[in-house]
Amino acid sequence: MIPEYLIRAILASIMVSVLLGMLSPLINTKGLAFLTHAIFHSLLFGAVLGMILGLLFENMGLVMLVALIITVAIVLIIAQLEKVGFSPDSAVGIVASFVAGLTVLGFGVLYKVMATRPYFPLSQSIVSYLTGEIFLITLGDLSALVFGGAVLFFLMLFLYRDFLYLSFDPEGLESYGGNARAYLMVLYVLVGAIGALIVQTVGLITLQVVAVLPGAIALMVSSDVRKVLAVSLFLTLSVQLSSVVLAYFTDIPPSGLATIMLGVIYGVLLFRR
Amino acid sequence: MEAVTARNLTVTYEGKPAVEGITFTLNEGETLLLLGPNGAGKTTLLKTIACFHREYSGELRVFEREPCEARELIGYVPQSHSLNERVPLTALEVVAMGEVYKRGFFHFKLPPETLKKAEMALSFVGLGEVKDRLFRELSGGQKQRVLLARALMSDPKLLLLDEPLSALDPSARAEVTNVLNKIKREREVTMIITTHDINPLLEIGDLVMLINKRLIAFGKPEDVLRDEVIKSVYGPLAKVIPVEKRLYCITGDFHIHTHGGGGR
C-alpha cells in the first residue's frame, strides 16, 4: 500500500516538472538566470513578510499569498526600471540589493514576533521554504498547486511562440506590431508566479538550479523547439520523480537529490563536449 | 508622395545629440544609401524613423504621419548578428514573425495562410529549400535574406535596412544585393539602407546621404560621391575613382571587390 503522502508528493512532482520543464528553456533562451535569482530571493522576502502577517493574524495561509504578491510586485518594479532605461542586469541588481536587505530586516522582525506568539507551525514553514519539503504537502497545497499550475501552464503554452520571438528579436517583434514590453512583463510574472507556487515543494535554495539546468541541458542536446521542450520535460519529470522515490527510501531531502542529479548530468555533458 | 521627410531633425540619447540638424526628403519608390563612419549616427537615424527611438526634436514624417503612427508601413531589417540565435527557430518561423503580430496576442499555432505567405516570401528571396532549417545554421547571406523575407511579409511601403552587407563575404554580398535589386524592381518599395561599403549598392541607390553626426552631403550619387566630400569625413586617403561610368569609393572602411572575389 502506497502511503497517501507519497502519492501527494508524486502528483506534486509531476505538476512541478511540467511547469519547470516548460519554463526552463525560456529562462535560458531569454537569458533570465540573473533575474530568476532575484525573483526567487524576493520570494523569501515575501514569505518572511507572510510569516509575520500569518503570526499576527493567526493565518498561515497568508504566507504563500503574500510571497506571490510581493514577488509579482518586485517583478513589475524590475520591468518598470527597464522601461525607464536601466539595463536588465542593473535593474535586477538595484532591486535585488533592496530585497536582500529587507529580507534580513524582515527576519529580525519575525524573530521579535515569534517571541510573543506560539510559532510551532511556522518552524516547519520556514524549513520548507528554504529546503523544500514535498512530503509535507497537504491536500489543500496540492489542490492549489494543480489548479494554479494548470492556469500558468496554459498561459505559458499559448504564449510560448511569442516568448521565443521575444527572445529572438524584441525589436523585430515590436516593429511588426507586437507589444514586446507586454510579453516581457507576462514572462516575468510567470517566472515569479511559478516560483511562488512551487517554492514549498522545491525549496528556495535549489529552486534556481532546477529552474535553469533542465533548459540548459535540453538546449545542449537538441536544437528543435519541440525536442528541446520534450527533453526538458522528460528531464525534470524523471529527476523529480526519481528524487522523490529515492528520498522515500533514504530520508534525504528530494530537492537536494534532484539538484545533484541535474548537476551531474550537466557536468557530464559539458565534460563530453 | 513623400515617403520620409526630416526637417532640422536632432536625435538625442539622454539629452546628448547623436545626430543633429538633418534635413532631407525621400520620395516614394526611391532608395537612399545612408553612408558614414562608425558612430556617425546611421543606425540612430534609422531607428528613429522606425520608431524604436523617440527622443528627437525637429520634424520627422513617414508617409505624412508621425513615425510611430506609420509603423504598419515600415519593414525593419536589423543586422543579423544582433539577433539571439540561441533561440531554436526555423527560417520559416522567423519569416512568419513578420505577419503574426497583425492579429491577436496569443500565437501558439501559426495560421496556415501565414505559413503559405512565409513560404512564398522565402521563395522570393531564393530560399524556398531552407524553410525548415534552423536560422542559426544558415550562412550569413542566407540569414540576411531570411530577414528580408520577414520584412516583406508585412507588405511594407518603406524598408529600413541596417548594414545588410556587414560581415558578409563577397558572394554573400552579391546574393543580398541581387535580392535588394529584385525588391526594388518588383515591389517598388522605398528603401533606406545604412552601409559602410557603398560600392555594391550603388546600382540600386537613387540617393546617397553622407552623415557624421551632422548632414555632410545629400543628393544623387554622382553629386555626393566626390573626392572633397569623402575626404572631409574619411580623411585625406579616401578617394572616389570612376571606372567605366561607375564610381567606386575607397574610404578605408572597406575595399573595392573585384569579380574574382578578392579585395584590394
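Chain B holds seven helices and 11 strands. Chain A, in contrast, comes to 12 helices and zero strands. This is a predicted model of the two chains. Between them, 24 residues of chain A are in contact with 22 residues of chain B.

**Chain B**

- The radius of gyration of chain B is 18 Å, which agrees with the value near 18 Å of a compact globule with 264 residues.
- Taken along the principal axes, the C-alpha atoms of chain B fill a box of roughly 55 × 45 × 35 Å.
- Of the 264 residues in chain B, 45% are buried.
- Among contacts in chain B with a separation of 6 or more, 64% join residues 24 or more positions apart.

**Chain A**

- The pattern of chain A along the sequence reads α-α-α-α-α-α-α-α-α-α-α-α.
- Chain A is as compact as a globular protein of its length, because its radius of gyration of 19 Å is close to the 19 Å that the globule rule gives for 273 residues.
- The C-alpha trace of chain A spans about 55 × 50 × 35 Å along its principal axes.
- Buried residues account for 48% of the 273 residues in chain A.
- Contacts between residues 24 or more positions apart make up 76% of those in chain A with a separation of 6 or more.

**Where the chains touch**

- The contact involves 24 residues on chain A and 22 residues on chain B.
- Four helices of chain A each supply at least two residues of the side that touches chain B: helix 6 (139-158), helix 7 (160-168), helix 8 (170-175) and helix 11 (225-250).
- Helix 7 of chain A gives the largest share of that side, with seven residues.
- By type, the residues on the side of chain A that touches chain B are 12 nonpolar, seven polar and five charged.

**The nonpolar core**

- In soluble globular proteins, nonpolar side chains tend to be buried together.
- Here the largest nonpolar core has 160 residues.
- Leu23(A), Val95(B) and Leu160(B) touch the most other members of this core.
- Beyond its neighbours within four places in sequence, Leu23(A) is in contact with Met156(A), Val191(A), Ile194(A) and Ala211(A).

Conventions
Residues numbered from 1 in each chain as written. Chains lettered and ligands numbered in written order. Predicted model: local features only at pLDDT ≥ 70, side-chain atom pairs only at ≥ 80, totals over all residues. Contact = placed C-beta atoms within 7 Å. Nonpolar A, V, L, I, M, F, W, Y, C, P; charged D, E, K, R; others polar. Rg over C-alpha atoms; globule rule 2.2 N^0.38 Å. Buried ≥ 20, exposed ≤ 12 C-beta atoms within 10 Å, placed from the backbone. Core = buried A, V, L, I, M, F, W, Y, C linked by C-beta atoms within 7 Å.
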